[in-house]
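The entries are in the order of looking.

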Amino acid sequence: MTDAPRSRAPIDFYFDFSSPYGYFAAEKIDALAARFGRTVLWHPFLLGVTFKVTGLAPLPTIPLKGAYSMHDIERSARYFGLPYRQPSTFPIPTQHAARAFLWLNDRSPAKARDFGLAAYRAYFVDDVNISELGAVLDIAAGVGIDRDELSAVLAGTEIKARLAAEVELGMSRGVFGSPFIIVDGEAFWGADRLPQVERWLAEGGF
């Protein structure tokens, strides 16, 4: 008896640029997927929108859990072998970065990934406040994006509506956190679920 053919459907990866766990997953997800012949569809997301639905709150504001989480984030960075420095301003709104990513992703997913990783590293390694439009434009220019063109796009209403629709679509699929990974219809929340994602990919489910 032979094994059933493995799925080759893309993996959906939802992330918020203010999420340290999203940063950890962003650094790992493409290589993990590639080992099993999968591609990844990256989806920028806004946790603040889901907080209004779920009643959740940013980690630092939650008694007991907040203090634990700050320790866990630094420990998780060491576990994943990734550089990390707690940002001086945390969390932050990330609409500018999310809109920039979405616009770039519509044109070149590879370039959008370059920007996305650069934005994450700027915030969680270099302590750059990526809630500021100028910082986002600087990061984009650093990966070869025309600063003036992107600035004009981010000033318009079309990309704002586009991101709002993307977030609503994610929520309709059950997305509420970052990172949120969907593999063959199976949802995994958190960077600590990457080993489960790997096993799912290896075994075709469990």
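The notes below go through each topic in turn.

**Ground rules.** This is a predicted model, so I took local features only at pLDDT of at least 70 and side-chain atom pairs only at pLDDT 80 or more, while totals for chains, interfaces and linings use all residues. Residues are numbered from 1 along each chain as its sequence is written, and side-chain values use heavy atoms, with hydrogens and water left out.

**Aromatic pairs.** I searched the whole structure and got 26 aromatic pairs. Rings of Phe, Tyr and Trp (its six-membered ring) pair if their centres lie within 6.5 Å; planes under 30 degrees apart are stacked, over 60 edge-to-face, and the rest tilted. For tyrosine 23 and phenylalanine 124 the centres are 5.7 Å apart and the planes are at 15°, so I logged the pair as stacked. Tyrosine 23 belongs to helix H1 (residues 20-34) and phenylalanine 124 to helix H5 (residues 109-124), so the pair links parts of the chain 101 residues apart. I took helices (H or I, at least four residues) and strands (E, at least two) as DSSP runs, numbered from the N terminus. Tyrosine 23 and phenylalanine 124 are both buried, that is, under 20% relative accessible area with a 1.4 Å probe and protein chains only; exposed is over 50%, and partly exposed is in between.

I then looked up tryptophan 42 and phenylalanine 101, which are stacked, with centres 6.0 Å apart and planes at 15°. This pair joins strand E2 (residues 40-44) to helix H4 (residues 95-107), 59 residues apart. Tryptophan 42 counts as buried at 3% relative accessibility, and phenylalanine 101 does at 0%.

**Largest pocket.** What is the volume of the largest pocket? I have it at about 880 Å³. A pocket here is an open set of points on a 1 Å grid over the protein atoms alone, where a 1.4 Å probe fits, with protein on both sides within 12 Å along at least five of seven lines; lining residues have an atom within 4 Å of a point. Grid points are joined across faces, edges and corners, and the volume is the space filled by probe spheres set on them. Of its 38 lining residues, the closest to the centre are Tyr21, Leu47, Leu59, Ser178 and Trp189. H3 gives the most to the lining, with seven residues.

**Helix H6.** In H6 (residues 133-142) I listed Ala135, Val136, Leu137, Ile139 and Ala140 as the buried residues. Glycine 144 follows H6, and its phi is positive, near 90°.
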